[in-house]
Amino acid sequence: ESSHTNRKKMVEKMAQNAHQMSVKGPDGRPITLEDLPKPGITRWVTRRKAEVVAAVSGGLLSEGEACERYSLSEEEFEGWRALYSKHGRKGLREKK
């Protein structure tokens, strides 16, 4: 086999592994990239915010990837992270 074919197989395997990788979600159950909210989401309920914070904290995706995927500013994400670490999921509730 050519080195190109081997490299392609390795990249495909890494992509498969990334989709299978999971981290502990906010409710204690494992979550994967496929469990996260879809990119382009506009309605951010508490659970979804907590899932994204847990995914970044667990290394499922980087803060930059999360901000890009969900069109968040770094400040907005940092706010979620701070509220979640201090108050848990309750801290992410929208204040009316």
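Trainee: How many aromatic pairs does the structure hold?
Mentor: Three, in what is a predicted model. One of them joins Trp44 and Tyr70 edge-to-face, with 5.2 Å centre to centre and 85° between the planes.

Trainee: Where do Trp44 and Tyr70 lie?
Mentor: Trp44 is in the loop between β2 and α2, and Tyr70 is in helix α3, so the pair ties together parts that are 26 residues apart in sequence.

Trainee: Is Trp44 buried or exposed?
Mentor: Trp44 is buried, because its relative accessible area is 16% and buried means under 20%. Tyr70 is buried too, at 4%.

Trainee: And what geometry do Phe77 and Trp80 have as a pair?
Mentor: That pair is tilted, with 6.5 Å centre to centre and 55° between the planes. Phe77 and Trp80 are three residues apart in helix α4, which means about one helical turn separates them. Both are buried.

Trainee: Which residues do the ring pairs link into a cluster?
Mentor: Trp44, Tyr70, Phe77 and Trp80.

Trainee: What else does Phe77 contact, leaving aside neighbours within four places in sequence?
Mentor: Val52, Val53, Val56, Glu63, Cys67 and Leu72. Phe77 also matters for the next topic, the nonpolar core: with Leu36 and Leu61, Phe77 is among the residues that touch the most other members of the largest one.

Trainee: How many residues are in that largest core?
Mentor: The count is 21.

Trainee: Which helix gives the most?
Mentor: α2, with six residues.

Trainee: Then let's stay on α2. How many of its residues are buried?
Mentor: Nine of its 12, so the helix is mostly covered. The buried ones are Thr46, Lys49, Ala50, Glu51, Val52, Val53, Ala54, Ala55 and Val56.

Trainee: How far apart are the end C-alpha atoms of α2?
Mentor: They are 16 Å apart. At 1.5 Å a residue, 12 residues should span 16 Å, so the two values agree.

Trainee: What follows α2?
Mentor: Gly59, which has a positive phi near 90°.

Trainee: On to α3. Which of its residues are buried?
Mentor: Ala66, Cys67 and Tyr70. They cover an arc of only 95° around the axis, so they sit on the same side of α3. Their cover includes α2 and α4.

Trainee: And what comes just after α3?
Mentor: Ser71, which takes a positive phi of about 55°, although Ser71 is not a glycine. Its place is in the loop between α3 and α4.

Trainee: Is Ser71 buried or exposed?
Mentor: Exposed, because its relative accessible area is 67% and the cut-off for exposed is over 50%.

Trainee: Let's zoom out. What pattern does the protein follow along the sequence?
Mentor: Read along the sequence, α-β-β-α-α-α. That is four helices and two strands.

Trainee: What share of the residues counts as buried?
Mentor: Of the 96 residues, 29%. The protein exposes about 6,700 Å², and carbon and sulfur atoms supply 51% of that area.

Note on methods: Residues numbered from 1 in each chain as written. Predicted model: local features only at pLDDT ≥ 70, side-chain atom pairs only at ≥ 80, totals over all residues. Heavy atoms only, no water. Core = buried A, V, L, I, M, F, W, Y, C linked by side-chain atoms within 4.5 Å. Buried < 20%, exposed > 50% of the residue type's maximum accessible area, 1.4 Å probe, protein only. Contact = heavy atoms within 4.5 Å. Expected span 1.5 Å × (residues − 1). Arc of directions from axis to C-beta. Areas by Shrake-Rupley, 256 points an atom, 1.4 Å probe, with all protein chains shown as cover. Phe/Tyr/Trp six-rings, centres within 6.5 Å; stacked < 30°, edge-to-face > 60°.
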